[in-house]
Protein chains: 2
Amino acid sequence: MNPGNSSQKASFAKSGGSNLHRKLAQSIGNQILSGVYAPGAILPNEADWCRIYGASRTTVREAVKTLTAKGLLKSRTKIGSRVEPRENWNILDRDVLAWHMASMNPQEFFFSVQEVRKILEPEIAALAALNRTPQQLRAITEAFEDMRQAKPGLNSVAPDVRFHLALLAAANNVLLTPFGIMIEAALTNMFEFTSTHNPEPDMFIPKHEGILKAVTRGNAKAARKAALNLLTDTDHTIARLPAKAKKLKKA
Amino acid sequence: MNPGNSSQKASFAKSGGSNLHRKLAQSIGNQILSGVYAPGAILPNEADWCRIYGASRTTVREAVKTLTAKGLLKSRTKIGSRVEPRENWNILDRDVLAWHMASMNPQEFFFSVQEVRKILEPEIAALAALNRTPQQLRAITEAFEDMRQAKPGLNSVAPDVRFHLALLAAANNVLLTPFGIMIEAALTNMFEFTSTHNPEPDMFIPKHEGILKAVTRGNAKAARKAALNLLTDTDHTIARLPAKAKKLKKA
DNA sequence: AATCCATATTTGTATGATAATTCGACCAGA
DNA sequence: TCTGGTCGAATTATCATACAAATATGGATT
């Protein structure tokens, strides 16, 4: 009952992750996010996928289960798998967000991100100022120190990400954690685009320091202001992106 | 190679959804969220789960894939499945949020929700005022009309949820959509707890109307204010919850 | 026209087998 | 003693096959 011979396993891009079912999920996921299969559309059935990828049904089904769990699909007997409406997609899932970015105009994407960041990060900073534990404050501080010491370039992105994630953790509200993925994706990809992740190197460190100090002092109001201040810098970076930039690299 | 006889399939709570692998995922997911298996812990291996639930390995693996896709697990050869750190959990996934609520103090949960809602919803309303399409405005309006006509009781929850979700959609930012699940879960469960989902019936409709009017006029500032105004009402509801309320009912 | 029923299609579950990965222990040599 | 390699065992990963269950669809019956 396994359609197709097993001789074409390398017929699609070998995205990250060594598991076959993962690769299938990534391939199908990318197709959904890029609109090959629109919401409401019926996907090829399991037997078809088996032929297309030269994989067993077991593997195909595991890939489908993965996508179902992320809200992209729903399967029904005799019908097949149907693409779910967009509002059910777990867009803040790491994979889904990556697939989303891969098929989007970067400027548009970064605009959406900034819109959300400007809503959340000031309040996150404020909450962190109020709710941080000593340990969390130490994590923020260490990330900042690593930022300061890092040479401008690739290795300065990681501490920057850690800084923002540590801040997020210090807000101590589980319902906010999913945004970590968004922040991470935004900072990392912005760097890959601009190659200079800190457009105003002179202001970059001081502005982060402003947040750190406010959080250290437990001054929510100042933290909020400092976070917003930093974000307006990022806005300028976005604005300078080439309008017709290509799609982000896949996975 | 399938351990255990298939005679104890009903040994666990029959959660919603008719699929066996779904039930397994729910059962295991609940155990993770309730702390039976903490982050970093190694779960029973596939053969164990087969014995425990009397299911085939195929089914167990599909359940595990589901949980992996939601960020709760990660599987490695020779190691087994390990519970991921909390920050990787897709807490805004419908299932994960349900499992989370099922093993939490409701007051604590609602507090977290309100904290996030007070950050987001005013800004969502503001964005909706600016970005709404005519169609989206119609959806908001219709939800409001249904609210007004509904008798106070169970059937007034649904239009209320629709109102807030329509508002969210009208903000026109995909990265915000995951919060729909949170809003929905919050409103629905709050009703189940208080049995009177609108504590100030006199103010309930007018305050929603305030948001609608501001969004209709395209007045972002007024929309923001109206949304915040409504949320302070909800705060009062939360505050009145019995401090030692039992866990939320499961699934 | 409406109802019911058979059938075909598709996903759901079970079983058993083999492959691939890799931890951990043991061993050899410097 | 330390280093590195080798090998065995545990566990997930994949495959192949079979049957069960659900249900949309079209045809038969009334």
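This is a predicted model: local features need pLDDT of at least 70, side-chain atom pairs count only at pLDDT 80 or more; totals for chains, interfaces and linings use all residues.
Two residues are in contact here if their C-beta atoms, placed from the backbone, lie within 7 Å. Keep that in mind for the interface.

I'll start with how the chains meet. The contact takes 28 residues from chain A and 28 residues from chain B. On the side of chain A that touches chain B, the elements giving two or more residues are α3 (57-69), α5 (106-131) and α8 (179-194) of chain A. Of these, α5(A) gives the most, with 7 residues. Sorted by class, that side of chain A has 13 nonpolar, 7 polar and 8 charged residues.

Do the copies meet through the same surface or through different ones? The same surface, because 100% of the interface residues of chain A are also interface residues in chain B.

Now the symmetry. Two copies of a chain are related by a rotation about an axis and a shift along it.

Next, a pair of helices within chain B. Helix α2 (residues 46-53) and helix α3 (residues 57-69) of chain B have axes that come within 9 Å and cross at roughly 110°. Angles of 65 to 115 degrees count as roughly perpendicular, so α2(B) is roughly perpendicular to α3(B). From α2(B), the contact is made by B:Glu46, B:Trp49 and B:Cys50; from α3(B), by B:Arg57, B:Val60 and B:Arg61. By class, this contact has 3 nonpolar, no polar and 3 charged residues.

On to helix α7 of chain B, residues 157-170. From first C-alpha to last, this 14-residue helix reaches 20 Å, close to the 20 Å expected at 1.5 Å a residue. Is α7(B) mostly covered or mostly open? Mostly covered: 12 of its 14 residues are buried. Among them are B:Val157, B:Asp160, B:Phe163, B:His164 and B:Leu168. After the helix comes B:Asn172, which has a positive phi, near 55°.

B:Leu212 counts as buried because it has 23 C-beta neighbours inside 10 Å, and the cut-off for buried is 20 or more. Leaving out residues up to four places away in sequence, B:Leu212 touches B:Ile140, B:Thr141 and B:Phe144. B:Ile124 is 88 residues from B:Leu212 along the chain, with 12 Å separating their C-alpha atoms.

Definitions and conventions: Residues are numbered from 1 along each chain as its sequence is written. Chains are lettered from A and ligands numbered from 1 in the order in which they are written. Axes are lines fitted to C-alpha atoms, for helices over the stretch in contact, and angles run from 0 to 180 degrees between N-to-C directions. Helices (H or I, at least four residues) and strands (E, at least two) are DSSP runs, numbered from the N terminus. Angles under 35 degrees count as roughly parallel, over 145 as roughly antiparallel, 65 to 115 as roughly perpendicular and the rest as oblique. Ala, Val, Leu, Ile, Met, Phe, Trp, Tyr, Cys and Pro count as nonpolar, Asp, Glu, Lys and Arg as charged, and the others, Gly among them, as polar. The expected span of a helix is 1.5 Å times one less than its number of residues.
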